[in-house]
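Hello,

Here is the structure I promised to pass on. Please look through it, then read the notes below.

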Amino acid sequence: MEKELDIADVIRDRRTIRQFSERQLTTDTILELLEVAKWAPTHGLREPWRFICAADEKAKEKLSDRIIGALEEFNRYKWLPGKIKEMYKKKLMQIPVILFVVVKEEKGKLKREEDFAASCALIQNLQLYGWEKGIGMIWSIEDTLCGNRTFCDSIGIQKDERIAGMLYMGYYDRVPKAKQRTSAERKMTWL
C-alpha cells in the first residue's frame, strides 16, 4: 500500500516538470485543481484572479501561433528559421495544458501588490495540489509573452489585467532530482 503524503512531503518533493507524459488532463481535473487552489489567502476576499486555458488541440494550435508571433516581435527571435519555429510549435503542442492565471490590476499600488501576491499563492496551491495528484507544472512569467500587449490582447487579457503566471501542466513519468536549498537559518536575521 502506498504511503499517503503529508503537506511537508508534498512541499519538499514538488519539482518543476518540463517533460509530460501523453496522458491527457480532463477539464474536470483542471477545474478540480482550481477549486482547491482558489482557497489561497486573498486580501478582502477580492479573489482577483481568472483563468485562460488551452487544453484541446484546436486551442493549443491557435495559442502556439500567437506565442510564436509574439516571440517574433522581439529582435532576438527574428533570426529563427522556419524549421526551428516548426519544432517549437510541435513542442508547444505536446504540452497537455497551458493555463494562464490572470490578475486584475488595481489602481492603488498596495492593492495591486496584494492581488499579485494572492494570485501567486493560488499558483503555489495549484502546483502543490497538482503534485499530490501526479500532475506537474512549470510556472513562467516570460516577459516576451506576459509583458507583450499584442499577445495579451490576442488571448483576451484586458487593459486593467496582467498575467501572474503561464503554467504548462500535465502528468509526468519522471521526477527530476532535487537541487539543494539554502537553509532557513542562513537566510535569517533575528531581531
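**Cysteines and sheet**

Cys 120 is buried, at a relative accessible area of 19%. The cut-off for buried is under 20%. Keep in mind that this is a predicted model.

How many disulfides are there? The count is 0. The test asks for a pair of cysteine sulfur atoms within 2.5 Å. Cys 120 takes part in no disulfide. Its nearest cysteine sulfur belongs to Cys 146, and the distance is 11 Å. Cys 152 is in no disulfide either. For Cys 152, the nearest cysteine sulfur is again that of Cys 146, here 6.7 Å away. Cys 152 also counts as buried, with a relative accessibility of 3%.

A closer look at E3 and its pairing with E4. Strand E4 covers residues 161-171. E3 and E4 run antiparallel, joined by 6 bridges. What stands opposite Ile 138? It is Tyr 168, in E4.

To recap the cysteines: the disulfide count is 0, and both Cys 120 and Cys 152 are buried.

Best wishes

Conventions. Residues are numbered from 1 along each chain as its sequence is written. This is a predicted model: local features need pLDDT of at least 70, side-chain atom pairs count only at pLDDT 80 or more; totals for chains, interfaces and linings use all residues. Side-chain values use heavy atoms; hydrogens and water are left out. Two strands pair if DSSP finds at least two bridges between them. Helices (H or I, at least four residues) and strands (E, at least two) are DSSP runs, numbered from the N terminus. Buried means under 20% relative accessible area, exposed over 50%, partly exposed in between (1.4 Å probe, protein chains only).
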